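Good morning, and thank you for coming.

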Amino acid sequence: MTNNSENKKGIGGMIDPRRYGIERIAYLLMRLSGLGLLVYFIAHIYETSKILQGQFGWNEMIASTQTTHGHIILAIIIGMCVFHTVNGIRVMLGHGGVGVGTPTRPDYPYSPASQNIKHKIGIYSAIILAAIAMMYGLAVMFGELK
Amino acid sequence: MTQIPGLAEEHTSTPLSSSQSITLRIAKYNPVHDTEKKFMEFNIPYEKWTTVLEAILEVKKHFDHSVAVRFSCRQASCGSCGMLINGKPRLACFTKISELNSNIITVEPMNNFPIIRDLAVKFERLFDTHHKVKPYIIRDDTEITTNTKEFLQSPEEVEQYIQFSNCIKCGLCNSACPTMATDSSFVGPQALAQAYRYVADSRDKGKDVRLKIIDESHGIWRCHFAGSCSQVCPKGVDPAMGIQLLRGYMLGFRS
Amino acid sequence: MRESIIMKIHYGTALASIGLVAVHILMRLTQDYAESLEYANVIRNYYFLPYAGMLEIILILLSIHGFIGLRVILLELKQGRIYEKVISYSCFIAMIGLITYGTRTIIMVNMG
């Protein structure tokens with residue numbers, strides 16, 4: 001319940017993905033992954049600037065980031081990156097009106113044509129590809145794969 | 001939360017079945033003297049066909065006459081009875097208790113609309129945003145002055161926009177929209193869908209005018225295709241489709 | 001700047017960066033993971049001018065895309081003429097700052 005006169009739910013309403021299907025969940029994940037990737041991007045630009053401190057500075061940075069925690073964070077970043085990219089392509093096509101259906105005379109039970117199987121497949125594909133990429137990244141970072 | 005047991009003694013021609021009952025929680029809030037919502041609970045008998053609106057009116061009839069609720073047609077034509085039912089914006093007259101699959105039904109006023117009292121909300125903002133997109137045919141000539149009697153349209157041309165003309169301005173889409181949860185200036189899915197309704201109408205010549213209106217920092221670009229508006233629309237308007245088709249014009253996917 | 005122009009830039013930078021970021025990540029296929037993080041190998045990558053150029057382009061594209069995205073989220077959270085101007089200019093300045101800092105790294109490494 002909000003106490004403001006406009007009766008807005010606020011950030012809680014924006015991030016609550018329940019009751020509206022996978023598209024709303026994808027919207028939330030897109031926002032979270034975007035913010036996460038921006039934070040990582042800034043950190044990545046900073047950490048790679050350590051190369052200017054020579055071999056010692058670089059090795060120090062590598063030692064502090066190539067840890068178990070570092071690998072797990074990087075795996076999450078990999079997942080975010082893949083999800084954001086694949087879902088972003090789906091969203092961009094949707095924004096252009098691609099795959100959202102064609103207007104017709106509506107008939108009961110009024111299922112929305114824009115919430116169709118094509119976009120649902122796009123969302124699930126993004127999630128699955130992100131999971132696969134995360135597993136691959138973890139396998140590489142923990143030495144299972146080269 | 002206040003519990004009120006039993007039915008008031010009252011003559012009624014409608015026999016009330018007590019085979020099944022649910023707990024109806026109604027949000028009570030008067031902005032004049034309340035600081036926050038309170039919920040009152042009522043035990044209401046229902047049948048397979050009983051709608052949430054009927055349950056609310058049952059409360060008004062037998063338990064609490066002061067419950068403020070807006071309703072009119074009872075057949076999902078007028079759009080008056082929009083409210084949050086178990087957390088999702090729905091029309092109370094169009095939602096059967098039996099389809100909610102819950103023993104507890106919670107009804108609250110639609111969010112993103114200022115509350116008048118209890119379940120009744122103000123619609124000024126919806127009317128303002130709707131008005132902003134110029135929801136009427138824009139062209140220089142009229143059907144009175146042209147040589148032909150009226151502006152003819154083929155069935156295919158009508159098919160392009162008829163779906164979006166089904167909008168009953170119930171506001172459920174604006175309530176469900178995640179952007180409207182935080183953005184007070186967002187035009188909203190209802191207005192954007194109506195903008196597309198007129199842009200897609202072959203009789204209309206105001207496409208550029210409308211596209212310019214919605215091309216602002218709180219216009220069409222704050223829609224992120226979450227699709228919640230289409231999920232809750234009771235008339236099959238599918239505002240999300242209209243908005244993306246409209247955006248297609250601005251991105252060059254459509255001309 | 002009209003909002004449609006800003007959003008077209010947002011979409012354009014996203015599409016343009018997909019392939020380039022994919023190249024950046026897939027560079028690891030040329031070496032073992034641990035090897036690819038060694039100082040000498042990283043320096044060698046920076047000295048290879050096409051790769052350094054690609055990194056610069058990625059830096060610019062993703063900075064623009066990221067900060068436009070941040071601006072969108074922040075504009076939705078609160079409204080007001082002054083707030084919106086502050087957010088827009090702050091994001092622009094932060095974007096320029098990040099691009100400058102990253103470009104400094106690339107140029108200084110290349111200068112030895």
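The contact draws 41 residues from chain B and 34 residues from chain A, where two residues are in contact if their C-beta atoms, placed from the backbone, lie within 7 Å. On the side of chain B that touches chain A, α7 (228-232) and α8 (239-251) of chain B each supply at least two residues. The largest share of that side, 7 residues, comes from α8(B). Helices (H or I, at least four residues) and strands (E, at least two) are DSSP runs, numbered from the N terminus.

Please note that this is a predicted model: local features need pLDDT of at least 70, side-chain atom pairs count only at pLDDT 80 or more, and totals for chains, interfaces and linings use all residues. Residues are numbered from 1 along each chain as its sequence is written, while chains are lettered from A and ligands numbered from 1 in the order in which they are written.

Let us now consider strand β4 (residues 82-85) of chain B. G82(B) and L84(B) point one way from β4(B), M83(B) and I85(B) point the other way, and all are buried, that is, 20 or more other C-beta atoms lie within 10 Å of their own, with C-beta atoms placed from the backbone.

Which strands pair with β4(B)? Two strands pair if DSSP finds at least two bridges between them. β4(B) and β5(B) form a hairpin with 2 residues between them, and N86(B) in the turn has a positive phi of about 50°. Strand β6 (residues 104-108) of chain B also pairs with β4(B) in the antiparallel sense, over 2 bridges; here L84(B) stands opposite E108(B).

Definitions and conventions. Buried ≥ 20, exposed ≤ 12 C-beta atoms within 10 Å, placed from the backbone.
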